[in-house]
Amino acid sequence: MTSPGGQRLTRWIIIAILLAIAVSIFIPVLGRAGLVPGTAPYAERTETLQGLFHWIGLGGEIFLRLLKMMVVPLVLFSVMSGILGMGDVRKLGRPGAWTLCLYLSTTILAVVLGQVLVNTIQPGRTEIDRTQAEALVAERGAELEQKGVEVREEGIGLVLRKLALMLFTDNLIASAAHTELLPLILFSIVFAGLLTTLGQRVETLVKCISQANDAVMAFVLLVMRIAPVGIFCLVAGRFGLEMLGGQFVETLRLVAWYSWTVLIGLVLHGLGTLPLILWAFTRQNPYRFVGQMIQALLLAFSTGSSSATLPVTMECTVDRAKVSRKAADLVLPLGATVNMDGTALYEAVAAIFIAQYLGWDLSLTQQLIITLTATLAAIGAASIPEAGLITMLIVLNAVGLPLKYQALIIPVDWLLDRFRTMVNVFGDACVAKIVDRTFPPEGPMPHAGETADLTPASVT
């Protein structure tokens, strides 16, 4: 059951998001109508309002930095604590295999769902203001073509090499400074596994790791006390500046069918596919699980970052969803880096939307290439600078689509990214809940030969 304090915090976070959206809409409207105090010309009033939203956004940036500040120590200590809690590193194989299998499977399902929707709805063939669309492409297309030079030369090979190299680092401190999580996760797994073989010689160090993990999670709870204020500043600052720009609403109207297709896909995957998988393996009410994860989901919407949301995702998963600490510590940090269901779905929809806009009929082979490329690009996004931009270019390049037409969807990408992040975070939590069943139960260790059973038929 969620504590009364947790319920109050959730209510305040919801109020903060709604209030922030209201402020970001009404203040620009009042400014344009001349109802903001002062007699300055409209341009000066707009500049004043932009300054106001920048100052509001400052509070959100501080809150976001507090969250990001905890990511590296949280990953290091939580993963090591998860491995140490297992006792025997040989037990890592089964949970690890299920984690990777589920992450890959849900990502592929998300891509396929997106392809089915975009081929059914066909948003690129709906009525679009071609003059406005081509003007947008001309304005930003050259920049995208320039950034796509490396992609055009490297293609899918770039993703595969990055996927291989992202596991290893020549400087652990530099990886931590750049929040490159996969090398840190690999180091933590190997280092903690080594500690489990050294017995009493490292008993003090093992206790220190456990205590450090507890301290970091306590700091997460402390930061969450100011979450409603931080979330209000994050949402109001970004939404307000976009509304003042004056072009966001027009662009959203231009690609409305595309935006709706992405949102419908995310809703179906987040409230349909993932809950169905969760129910199949656990036979528990998946929508109660959604309620238990609501704080993490709202924070994911506010920040647009799975990594920044990770501390709260872990707190909700363990304290509210009752997933074991061992499972959360092992599964969630990895998921925040490589499990991007929402991103993969969006990239598949975007590529086919652009093809439809251009009047291209993609063959079955090209559709399969999009499935493969979107899946790999979503997994490899964390290791590529300007991840969302570059990985989208890779998908377009894989089927020969002009890279400059990504300009059609970039202006609304920041908004859709918030919904994608919610699906990414919920997917991580679902996998943690399922994989939790592969770990030995808390308390007495199982006898030799006993393992947890993950098949749906074994659930009682």
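Q: Let's start with D417: is D417 buried or exposed, or something in between?

A: This is a predicted model, and in it D417 is partly exposed, because its relative accessible area is 22%. The label "buried" is kept for values under 20%.

Q: Which residue does D417 form a salt bridge with?

A: D417 pairs with R420, and the closest N and O atoms of the two are 3.0 Å apart. R420 counts as buried, with a relative accessible area of 4%.

Q: How should I read the spacing of D417 and R420 along helix α20?

A: Here is the general idea: an α-helix has 3.6 residues a turn, so residues three or four places apart point the same way. In this case, D417 and R420 are three residues apart in helix α20, which means about one helical turn separates them.

Q: Which residues are linked with D417 in a network of salt bridges?

A: The network links D413, D417 and R420. The structure as a whole holds six salt bridges.

Q: What does the salt bridge between R125 and D361 look like?

A: The side chains of R125 and D361 meet at 3.0 Å, taken from N to O. R125 sits in the loop between α3 and α4 (130-147), and D361 sits in the loop between α17 (341-358) and α18 (364-380), so this pair ties together parts that are 236 residues apart in sequence. R125 is partly exposed, with 40% relative accessible area, and D361 is exposed, with 66%.

Q: Back in helix α20, is L415 buried or exposed?

A: L415, which is found in helix α20, counts as buried because its relative accessibility is 15%. L415 and S259 are 156 residues apart along the chain, with 9.5 Å between their C-alpha atoms.

Q: How do I read empty space inside a protein?

A: The general idea is that rolling a probe the size of a water molecule over the atoms shows where empty space is left. In this structure, the count comes to one cavity of 30 Å³ or more. The largest cavity holds about 40 Å³ of space.

Q: Which residues line the largest cavity?

A: The lining is made of L102, T106, L274, I277, L278, C430, V431 and I434. Three helices, α3 (93-121), α12 (256-282) and α20 (410-435), each give at least two residues to this lining. Sorted by class, the lining has seven nonpolar residues, one polar residue and no charged residues.

Q: How many residues of helix α14 are buried?

A: Nine of the 10 residues in helix α14 (residues 294-303) are buried, so the helix is mostly covered. Among the buried ones are Q295, L297, F301 and T303.

Q: Which residues make the nonpolar surface patch?

A: I25, F26, V29 and L30 make a nonpolar surface patch of about 350 Å². Take V29 as an example: V29 lies in helix α1 (residues 4-32) and counts as partly exposed, with 43% relative accessibility.

Conventions
Residues numbered from 1 in each chain as written. Predicted model: local features only at pLDDT ≥ 70, side-chain atom pairs only at ≥ 80, totals over all residues. Heavy atoms only, no water. 1 Å grid on protein atoms, 1.4 Å probe; cavity = no way out; pocket = protein on both sides within 12 Å on 5 of 7 lines; lining within 4 Å. Points joined across faces, edges and corners; volume = space filled by probe spheres on them. Helix = DSSP H or I, 4+ residues; strand = E, 2+ residues; numbered from the N terminus. Nonpolar A, V, L, I, M, F, W, Y, C, P; charged D, E, K, R; others polar. Patch = residues over 30% accessible without salt bridge, like charges linked within 9 Å, V, L, I, M, F, W, Y side chains within 5 Å. Areas by Shrake-Rupley, 256 points an atom, 1.4 Å probe, with all protein chains shown as cover. Salt bridge = Lys/Arg side-chain N within 4 Å of Asp/Glu carboxyl O. Buried < 20%, exposed > 50% of the residue type's maximum accessible area, 1.4 Å probe, protein only.
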